[in-house]
Amino acid sequence: MSALTFKDARNAPMSRSPRGPRRPQPSVQPGLFGIRSWKKSRLVLAGVFGAVSVFPLLYLISLSFQPTSDIQTSNPVLIPTHPTFLNYVLAWSENSFGQYFLNSLVVALGTVVLTVTLSSLAAFAFARYKFPLKEVFFYVFLAALAVPSVELIIPQYLLVLKLHLTDSLPGLILIYTSENLPFAIFLLRGFFEAVPKELEESFRLDGAGSIRVLTRLIAPLSAPALAVVAMFTFNFAWEEFVIALTLINSSAHRTLPIGLNFFIGEHTTQWGPLFAGSVIATVPSVIVYFISQRWFQRGVSLGGIR
Amino acid sequence: MDSKDSTLVEQRPAVLPPGAVSRRRNRFTRIATPYLLLMPAAFLYAVFIVYPIFRQFDISFFNWHIFPDVANPFVGWSNYIRIFHDPAIRTASENTVLFLVITVPIQMVLGLFAAALLTDRLPGRGLWRALIFIPVVTSWVVVSYVFAYIFGFQGGLANAVISLFAGHTVRIDWLAQTWTGNAVIWIVSIWKGVGWSFIMFLAALDGVPRDLVESARVDGASEPRIWRHVVIPNIRPTITFVTVLLVIGASQVFTQVFITTGGGPFGSTSVLLTYAYQQAFSFFNFSYAAAIASLMAIVVLGLSILQIRLMRRNVDQ
């Protein structure tokens, strides 16, 4: 943010002159694309981008309502001719899908709560305190961005084995949280630093302790960043595949992505229930995304890269 | 947390002028507080990320067995030497590098292009933005299945569309052949990845001072020149950031390969991590897999530092 205001100040003389005397409004508003005739082609291209982005998902929804005879013909069916709920019924009744859904929800929410709490505390320390080796600690956290997920699966597997956390949802929550901490701390630090120092001082003069400053002042003002962290963390935990595949071995503790994998048999794939299950698995991520979307842009632009 | 909160407040009742009695105590809390705040995150991070990094190196120097009563002899660098003589590693590295070289630039160009289309006012802008980002929030497992079906041998949409254009029935067994299998993996990855670089570039383009663009335009600069000399320099930090994270992400490609082709046929579409995973959890060669992963981590870290350096230098010039 500071870089941006600096740049604005530097450009001030240039920018003020055309604005000052209120020249006749140019036929285009200031933008990255000045030529108005581009508007139509921009619209078309944006439509193409949008359509390509959603098409596979719309197709997935369509497939989930198709009977097996339509799914497994040699002529793909785009719009279900004989729509059926059978796939959903099968998906939900087989392989205790409801249990997987619940497990995923527990893991995802647990990861969100733990990640948001721990990363807020840590980011608060990085943003608001001076202490020896601060930047060293920060870079140690950041370094993990280069070694995420699958890369550490072997030692993590052995560790979890030793801690007797295999095949348990808390084990997954702890690993998922650790994986998400670096990004979350990185994003939140930038945001927390942007809260004016004077506000914190007046809070402290009223007798507020550190935790109160964080929960009553900094966190509410950083809601967009917290929403972004919560969304990314939720999605990470909700869709994570390899770690869950490796650490979970009993049916009772399977998460959704692993559950979906079981519709793929050795010889035959139950495509219908797989598609229905996929739709069920996708709905929560999309809902979470649309809820957090209103903060999203701001969260990315202010916190992410400055 | 709340109890801690209240004790902190009780230490300094509002009646006292700040710092009257508890100055000493204040100083202690001042020094200790950041560490206390950092501790829970640091602890978890140390246990589940930092320790495994070192443990991975450790395992890679042994012939490590998962079974408790078997000896784990120290084998020095032999696991690393083996990497350089393993033909499957060659294939997997080639596929990984190819994946990186193809998917990263395409994701960046498409992401920036889409961001450029949607940064200014446009009818339905919010909707287009939301739609383009949606693939990012869907799960790798789900989209891998959907694309595996679309590129299916029988009744797949891809074959149907190609047949339509070709005028006769085309049956490509996409996932059973090396090049087509790789192509499907690239297509899924680009489709799912564009939205992320899009949102990053969108945020960056929002920060480009419009007045600057406008005055360049008033001075008669052409649109491509404005982009080259005004817009691109302004979003350079984001370009660096996006490139570095995409390269890291591409080197970690796993789930889409694991699900669509499974590395097949005969390992010809496998990438480094699917190969390492297979070595560990199918053949129980934990040490060999750990050596592969460790070497990869070092290479990726080096690559990231190199990229940041190079891009910094470009800015200075």
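A nonpolar core is a set of buried Ala, Val, Leu, Ile, Met, Phe, Trp, Tyr and Cys residues joined through C-beta atoms within 7 Å. In the predicted model described here, the largest such core has 159 residues, and the residues with the most contacts inside it are Ala122(A) and Val229(A). When residues up to four places away in sequence are left aside, Val229(A) touches Thr115(A), Val116(A) and Ser119(A), together with Ala184(A), Leu187(A) and Leu188(A).

Helix H8 of chain A, residues 169-193, contains Phe191(A), a residue that is buried, with 26 other C-beta atoms within 10 Å. Although 30 residues separate Phe191(A) and Leu221(A) in sequence, the C-alpha atoms of these two residues are 8.8 Å apart in space.

The domain assignment divides chain A into domain 1, covering 41-84, and domain 2, covering 88-304. The centres of domain 1 and domain 2 of chain A, taken over C-alpha atoms, are separated by 31 Å, and the contact between them involves seven residues of domain 1 of chain A and six residues of domain 2 of chain A. On the domain 1 side of this contact, helix H2 (38-64) and helix H3 (68-71) of chain A each supply at least two residues, with H2(A) giving the most, namely four residues. By class, the residues on this side of domain 1 of chain A that touch domain 2 of chain A are four nonpolar, three polar and no charged.

Chain B contains 14 helices and zero strands. The radius of gyration of chain B is 26 Å, well over the 20 Å that the globule rule gives for 317 residues, so chain B is more spread out than a compact globule. The C-alpha trace of chain B spans about 90 × 75 × 40 Å along its principal axes. Buried residues make up 40% of the 317 residues in chain B, and, among contacts in this chain between residues at least 6 apart in sequence, 68% join residues at least 24 apart.

For chain B, the domain assignment gives domain 1 as 2-60 and domain 2 as 86-316. The centres of these two domains of chain B, again taken over C-alpha atoms, are 40 Å apart, and the contact between them takes four residues from domain 1 of chain B and six residues from domain 2 of chain B. The side of domain 1 of chain B that touches domain 2 of chain B has two nonpolar, two polar and no charged residues.

Within chain B, the 13 residues of helix H5, residues 125-137, should span 18 Å at 1.5 Å a residue, and the distance of 19 Å between the end C-alpha atoms of this helix agrees with that value. The buried residues of H5(B) are Trp128(B), Arg129(B), Leu131(B), Ile132(B), Phe133(B), Ile134(B), Pro135(B) and Val137(B).

The contact between the two chains takes 88 residues from chain A and 95 residues from chain B. Classified by type, the side of chain A that touches chain B has 54 nonpolar, 27 polar and seven charged residues.

Backbone geometry was also examined. Most residues other than glycine have a negative phi. Leu133(A), however, has a positive phi of about 65 degrees although it is not a glycine; this residue is found in the loop between helix H5 (97-128) and helix H6 (134-143) of chain A. With 8 C-beta neighbours inside 10 Å, Leu133(A) counts as exposed, because a residue is placed in that class if 12 or fewer other C-beta atoms lie within this distance. In chain B, Phe284(B) likewise is a residue other than glycine with a positive phi, in this case near 60 degrees. Phe284(B) lies in the loop between helix H13 (272-281) and helix H14 (286-316) of chain B, and, with 14 C-beta neighbours inside 10 Å, Phe284(B) counts as partly exposed.

Conventions: Residues are numbered from 1 along each chain as its sequence is written. Chains are lettered from A and ligands numbered from 1 in the order in which they are written. This is a predicted model: local features need pLDDT of at least 70, side-chain atom pairs count only at pLDDT 80 or more; totals for chains, interfaces and linings use all residues. Domain bounds come from an automatic or database domain assignment. Ala, Val, Leu, Ile, Met, Phe, Trp, Tyr, Cys and Pro count as nonpolar, Asp, Glu, Lys and Arg as charged, and the others, Gly among them, as polar. The expected span of a helix is 1.5 Å times one less than its number of residues. A residue is buried if 20 or more other C-beta atoms lie within 10 Å of its own, exposed if 12 or fewer, and partly exposed in between; C-beta atoms are placed from the backbone. The radius of gyration is taken over C-alpha atoms; the globule rule is 2.2 Å times the number of residues to the power 0.38.
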